[in-house]
Amino acid sequence: QVQLNESGGGLVQAGGSLRLSCAASGRTFSAYTMGWFRQAPGKERELISFVDWNGGTLSYAGSVKGRFTISRDNAKNMVYLQMNSLKPEDTGVYYCAAKRSGTIEYEYWGQGTQVIVSS
């Protein structure tokens, strides 16, 4: 069982930066692939980035590539999303999620943190 708790959202002007954090419980955190999802108003939730168990594999959606950076610290049971050059279209609720390495579906979800980017 993994419990996830996001923080770091807020209101920021376009061009600004935010750093989201996700704190995970559980002693097997390093066994999970961690993802960040975003749900924009009126849209479906989408995967925007993930990192594998040891940080060796990173992936980004095209809409955030070059602006967002995902990282994890297994010693602290933390995963981060550094978001730079934010755009109004980055507005949404950001969720941290975990899935066992090698599986398809994300099993565990945080409650989400709101990000609003003003123009």
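In this predicted model, an open sheet is built from four strands, which follow one another in the order E1-E3-E8-E7 with antiparallel pairing. Strand E1 (4-7) and strand E7 (68-73) stand at the edges; each has a single partner strand, so one side of each is left without a neighbour in the sheet. From one strand to the next, the twist averages 15°. Strands of a sheet pair through backbone hydrogen bonds, either parallel or antiparallel.

One of the pairings joins strand E3 (residues 18-24) to strand E8 (residues 78-83), and this antiparallel pair has six bridges. Within the pair, Ser21 stands opposite Tyr80 in E8.

A second topic is Arg38, a residue of strand E4 (residues 32-39). Is Arg38 buried or exposed? Its relative accessibility is 4%, and because buried means under 20%, Arg38 counts as buried.

The side chain of Arg38 makes polar contacts with the side chains of Asp90 and Tyr94. The table gives the distances.

| Side chain | Partner side chain | Distance |
|---|---|---|
| Arg38 | Asp90 | 2.9 Å |
| Arg38 | Tyr94 | 3.1 Å |

Which residues is Arg38 in contact with, leaving aside its neighbours within four places in sequence? They include Glu44, Arg45, Glu46 and Ile48, and also Ser63, Val64 and Phe68. Glu89, Asp90, Thr91, Val93 and Tyr94 are likewise in contact with Arg38.

Definitions and conventions
Residues are numbered from 1 along each chain as its sequence is written. This is a predicted model: local features need pLDDT of at least 70, side-chain atom pairs count only at pLDDT 80 or more; totals for chains, interfaces and linings use all residues. Side-chain values use heavy atoms; hydrogens and water are left out. Helices (H or I, at least four residues) and strands (E, at least two) are DSSP runs, numbered from the N terminus. Buried means under 20% relative accessible area, exposed over 50%, partly exposed in between (1.4 Å probe, protein chains only). A polar contact is a pair of N or O atoms within 3.5 Å; within protein, one must be able to donate a hydrogen and the other to accept it, and residues adjacent in sequence count only if both atoms are side-chain atoms. Contact means heavy atoms within 4.5 Å. Two strands pair if DSSP finds at least two bridges between them. Axes are lines fitted to C-alpha atoms, for helices over the stretch in contact, and angles run from 0 to 180 degrees between N-to-C directions.
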